[in-house]
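I opened this model to look up a few helices and residues. My notes are below the display.

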Amino acid sequence: MTENIPGEAIREELERILASHEFRTSKRSQDFLRYVVEHALTGHAGDLKERIIGIEVFGRSTDYDPGDDATVRVKAGDIRKRLGLYYAGKGALDHLRIELPAGSYMPEFHLAAAA
């Protein structure tokens, strides 16, 4: 579930995540996460389909078939792992969390529970 959180706060959290050790080393992970977050924030969640992400983020041709190329699914799994590592470490005290639920490319934004 995505809570009513200001876009500015989500973008600040995104920048913290992208600057972290977990994401700094992978431009593709940065590009993917930025793409899905920005599309969610601008009301274009309908574009968050595997084929469209493959074309727009990974530069696949317009005849890209996700059934023949698992790049998007594999990278989404990698991003989920990187987010888990970030929130288990440096981001453990962040007040806001960005998640990419399994089986979806639509990010979710949550306020962290108070300690």
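The entries that follow go helix by helix and then turn to the core.

**Entry 1: source.** I noted before anything else that this is a predicted model.

**Entry 2: helix α1.** I looked up residues 7-19, which form helix α1 with 13 residues. I read 18 Å from the first C-alpha to the last, close to the 18 Å expected at 1.5 Å a residue. I then listed the buried residues of α1 and got I10, E13, L14, I17 and L18. They lie on the same side of α1, because they cover an arc of only 135° around the axis. For what covers these buried residues, I found α2 (21-24), α3, α5 (71-88), β1 (96-99) and β2 (108-111) among the elements.

**Entry 3: helix α5.** The buried residues of α5 came out as T71, V72, K75, A76, I79, R82, L83, Y86 and Y87. Their arc around the axis is only 125°, so they sit on the same side of α5. On the other side of α5 I found V74, K81, L85 and A88 exposed. The cover over the buried residues of α5 includes α1, α2, α3, α4 (50-56) and β1.

**Entry 4: S29.** I placed S29 in helix α3, residues 27-41. S29 has 0% relative accessibility and therefore counts as buried. Leaving out residues up to four places away in sequence, I listed F23, K75, D78, I79 and R82 as the residues that S29 touches. With K75, the side chain of S29 makes a polar contact to the side chain, at 3.3 Å. K75 is also among the buried residues of α5.

**Entry 5: core.** Which residues have the most contacts inside the largest nonpolar core? I found F32, L33, I53 and I98, in a core of 28 residues. At least two residues of this core come from each of α1, α3, α5 and β1.

Terms used. Residues are numbered from 1 along each chain as its sequence is written. This is a predicted model: local features need pLDDT of at least 70, side-chain atom pairs count only at pLDDT 80 or more; totals for chains, interfaces and linings use all residues. Side-chain values use heavy atoms; hydrogens and water are left out. Helices (H or I, at least four residues) and strands (E, at least two) are DSSP runs, numbered from the N terminus. Buried means under 20% relative accessible area, exposed over 50%, partly exposed in between (1.4 Å probe, protein chains only). A polar contact is a pair of N or O atoms within 3.5 Å; within protein, one must be able to donate a hydrogen and the other to accept it, and residues adjacent in sequence count only if both atoms are side-chain atoms. Contact means heavy atoms within 4.5 Å. The expected span of a helix is 1.5 Å times one less than its number of residues. The arc is that of the directions from the helix axis to the C-beta atoms. A nonpolar core is a set of buried Ala, Val, Leu, Ile, Met, Phe, Trp, Tyr and Cys residues joined through side-chain atoms within 4.5 Å.
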